[in-house]
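User: Please take a close look at one part of this model. Set it in its surroundings before you describe it.

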Amino acid sequence: MKSRTAQRIAFAVLLAVSCVVFLPVVSIFVILVKEGGGALTPEFLFTMPSEGMRSGGILPAIIGTLLIVVCAIAVTLPVGVLAAIYLNEYAKDNLLTRVIRLAIVNLAGVPSVVFGLFGLALFVMMLNLGVSVIAGALTLSIMELPSIITTSRNALSSVPASFREVSLSLGVSRWRTIRHVVLPNAVPGILTGAILSLARIAGETAPILFTAAAFYVTRLPHSLSDQVMALPYHLYIISTQIPNMPSKLTYGTALTLVLLVFLMSLAAIILRIIFRRRKKW
Amino acid sequence: MKRLFDWIIERFIFLCGILAVIFVALIFLFLLREGVSFFGSYSPIKFVGGIYWYPTSDPPQFGIISLIVGSLFVTVLAACLAIPLGVATALFIAEIAPRWLKDVLKTVIELLAAIPSVVIGFIGMVTLVPLVRQALNLPTGLSAFSGALMLGFMALPTIVTISEDAIRTVPWSYKEGAIALGATRWQTMYRIILPAALPGILGAVMLGVGRVIGETMAVMMITGNAAHIPGSVFDPVRTMTATIAAEMGETVRGSPHYEALFAIGLVLFVITFIVNFTADTFLRKARR
C-alpha cells in the first residue's frame, strides 16, 4: 500500500514538473501576441524605418534576413546532401568514418559566436568579402552543415536496401543507382530538413554580428556584397541600444521574427505529412 | 566517358564527406593563429590567470578569470535548473503521459527549441529582469540568476529530447522482469529504467550544458555584462561569449584586443569540444 502512495506522489510531481516546462513557452507567445500583435500592419512590414528606427517599418531587416538565409541554404544544401551520400552509401566502418562522425558532432556544438569569429577571420578578412550578405551566408552555411548532413542521412537511410539491390543487380553503377533510385526517394526527407534549417538560421544573431549585419542602412540591398539589416540583429539593437524605443515596435519586431521562424517550421511539418501519406513502401 | 564522370563525381562526394573534418580543423587553426599572435605580445599566464578584463585601459589588461567565472556561474546555475526539470519531463513523456499529452508536450518542446535566442533574451529583459529586481529587492535584475533561468529553459529541449530517446530504448524485458517481480511502475522507473538509461541521460545533459556554455545573445542581454568576480548569484556577470559578441564590433582589426577576443574564442572552442566529445562518448555507450 505504501509503495502505491509513493507512486501516486511521484507521478503527480512529474506531471507538475512537465507543466512548469509548458507554462513559460505559452506565456512567451501570449506576451508577444498581446503586446506586438497590434504593430503588425502592412505599413510596419513593408516600409523603411524612419526617425532613427523609432518609427516606420522593418522591411530592410526582413529582406536582409531572407536574403542571407536563402543564400546560406543554397550553399549548404548540395554540399550537405553529398556529404550525407558519402556517409550513408560509400563510407565503410573505419577510422576515417569515425573521425568524420566526431567532426560533425563537434561542429554542431561549436558556439554560434565562435562561428562569427571564424567567418570574420576567413570570409570577411582573408577572402576580402567584407561585411556582406555573402560573408554572413557562408558563415551560417558552415554552421548549418551538421544538421543538413544528419537529416539528409536519415532520409537516405530510410530508403529500403532492396531498392538499391534491384538497381545494382541490373548492372547499374553505384553512382547512377544513388542518383536515379535512392536520391529521388529521399528528396522529401531532405527537403523537410532543409526548411527546418532555414527556420533555425533565420533567428541566428551571433554568427552574423561581425560578418553581415548592419546597424542601419538607408536603402535595400542591391547585391550580395552589401551590408544588410537582419531581423534578429535589429531586435537586439532596438531592444538594447536605442533609448526611448516605442515598445510596440520592439514587440512587433520580435513577433515578426518568431512568426517567420514558425511559418517556415510549419511548412516543413506540413510537407512531411503530405509526403508521408504518399509514401509507397 | 561515363566511367570518368562517375569517377569524378565519386571523388567530389568524398570531398564533401570530409568537409566537416576540414571545417573543424579550419576553425581551430584560425582561432589558434590569432590566439598565438596575441600570446606573442601578452603572456598566456597573465591571460589565463588574470582577474581584470580592462581591454581599453592603458596598459590594457586581458585577464579572463572573471569571464570564466561568469560563464561557470551561469552554466552551473542553469544546469541545476535544467537537469532535474529536463529528466523529469523526459521520464513523464516516455513512461507516464497518455498519447495525446505526449504529443502536446513534445510539440511544446519543439516550439521552445525553435524560438531564436535573441527573442528569449528580449522576453527575459522585459519580463523576468524587472520581476527578479522587485521580488528580491536588488539594484538591478540583470544578473547571473536571471540569465541562468532563461538559459536553463533554452537547454531543456536538448535534454528532454535526448533523455527521452534514452529512456524509450531501455529494453522491454527489463520492465517486464521488474513488474513480474511485483514492483510498482514507479519502482520500476527509478530502480530499473533510470539506471539503465543513465549513459544516454548523461550524454543528453552534457549536450545541454554545451549549448548553455556557447549561448550568446540571451546571455548578453540578461546577465548585465559586468566583468568582475561575482559575489553572489544575484550579481551581474559577464560570460566569455558575451564578451566576444559585445566587444568585437569596437575593436581595431589586428589590435591586441581583437586578437584577445579570438583567444577567448579558442578557450571556448576547446571547452565545448571536450564537452561534446564526452557527450558523444556517453551516447555511443548508450546505443550499444
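Analyst: In chain A, among contacts with a separation of 6 or more, 75% are between residues 24 or more positions apart; two residues are in contact if their C-beta atoms, placed from the backbone, lie within 7 Å. The model is predicted: local features need pLDDT of at least 70 and side-chain atom pairs pLDDT 80 or more, while totals for chains, interfaces and linings use all residues. Residues are numbered from 1 along each chain as its sequence is written, and chains are lettered from A, ligands numbered from 1, in the order written.

Chain A has eleven helices and two strands (DSSP runs numbered from the N terminus: H or I of at least four residues for helices, E of at least two for strands). The C-alpha atoms of chain A fill a box of roughly 70 × 70 × 35 Å along the principal axes.

The part to look at is α7(B), residues 144–168. Helix α7(B) has 25 residues and reaches 35 Å from first C-alpha to last, close to the expected 36 Å (1.5 Å times one less than the number of residues). Helix α7(B) has a kink of about 35° at Ala155(B), shortly before Pro157(B); the bend is the angle between axes fitted to the seven residues ending there and the seven starting there. Of the 25 residues of α7(B), 22 are buried, with 20 or more other C-beta atoms, placed from the backbone, within 10 Å of their own.

Technical notes. A residue is buried if 20 or more other C-beta atoms lie within 10 Å of its own, exposed if 12 or fewer, and partly exposed in between; C-beta atoms are placed from the backbone.
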